[in-house]
Amino acid sequence: MIGIVTDSTSSLSPDDAVREHIEVVPLQVIIGADTYTEGDDVTADMIAEALAAFVPVSTSRPTPDDFLAVYERLAADGAESVVSVHLSGRMSGTLESAQLAAKQSSVPVTCIDSTQVGIATGFAAGRAARARDEGEDAVGVADAARRAGEASSVLIYVDTLEYLRRGGRVGAAAALIGSALAVKPILTIADGAVVPLERVRTKAKALARLEALAVETAGACEAGFDIGVQHLASLATATAVAERLASSLAVESIPVDEVGAAIGAHVGPGMISVTITPR
């Protein structure tokens, strides 16, 4: 048996995690002086409210002991090896904690840098679970996760770069340019880091461009694709984006989820993202 582990930034719902037999290790979210556990006692709405009120919000990676406890529990349940799939190592120390725990594990653990965030990491973990269920060995399972992460495209609209700047996720110069020109940035993930993709003058034009880029990206996936829309405190806008994309791509529906608290702390209210992973 091969155990599959990911972290809470992957946006896997509890039901999906149970169904696919994926263990989820939570990050910590700090709001003011209070510490919360993602997926347990903190919501994205709490993050949005705190950011709007200028209450300091930050995140903390799981400890190596947190990961080791999960690896050892899987081993006790019969796992002969573990594949642990996590958000970009350039954005968080979560992967490093997993790697440190892997060195102490009683069974072999392969740690995968998805080079992504949000549901792109969740899709990578899901591909690992599918490969396991299809009878792949640990090497094949790890490769499936790695390929999914590397092939994924994440397109992100944010109302402002300020929250990413605060968290050190984009350079101060990029934030300054966005603020000075009053533009609405479209971002993407490249080599595991958040980078500017395009700058558009208005929100309406930025969302239209986001959708056009998503349709173009999905259309290039010859064997099909997995797609999802995420948001922070922008359900109506995200739903509208998903409905227009579903119509353009001729699919029945596209799932819409609120981004997890740990990612929400860095992108801020108004964020809309579209993730496409080729099959």
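**Exercise 1. What share of the 279 residues in the chain do buried residues make up?**

Start with the ground rules. This is a predicted model, where local features need pLDDT of at least 70, side-chain atom pairs count only at pLDDT 80 or more, and totals for chains, interfaces and linings use all residues. Numbering runs from 1 along each chain as its sequence is written, and side-chain values use heavy atoms, with hydrogens and water left out.

Next, the cut-off: buried means under 20% relative accessible area (1.4 Å probe, protein chains only). Buried residues then come to 51% of the 279.

**Exercise 2. Work out why the chain's radius of gyration agrees with a compact globule.**

First, take the rule: 2.2 Å times the number of residues to the power 0.38, with the radius itself taken over C-alpha atoms. Then look at the extents: the C-alpha trace spans about 55 × 50 × 30 Å along its principal axes.

**Exercise 3. Find the largest nonpolar core and follow one of its residues.**

Such a core is a set of buried Ala, Val, Leu, Ile, Met, Phe, Trp, Tyr and Cys residues joined through side-chain atoms within 4.5 Å. The largest has 24 residues, and Ile-276 is one of those with the most contacts inside it. At least two core residues come from each of β8 (153–157), α9 (203–219), β11 (225–231), α10 (235–249) and β13 (272–278), the elements being DSSP runs (helices H or I, at least four residues; strands E, at least two) numbered from the N terminus.

Now zoom in. Beyond its neighbours within four places in sequence, Ile-276 is in contact with residues including Leu-155, Ala-214 and Ile-227; contact means heavy atoms within 4.5 Å.

Definitions and conventions. Buried < 20%, exposed > 50% of the residue type's maximum accessible area, 1.4 Å probe, protein only.
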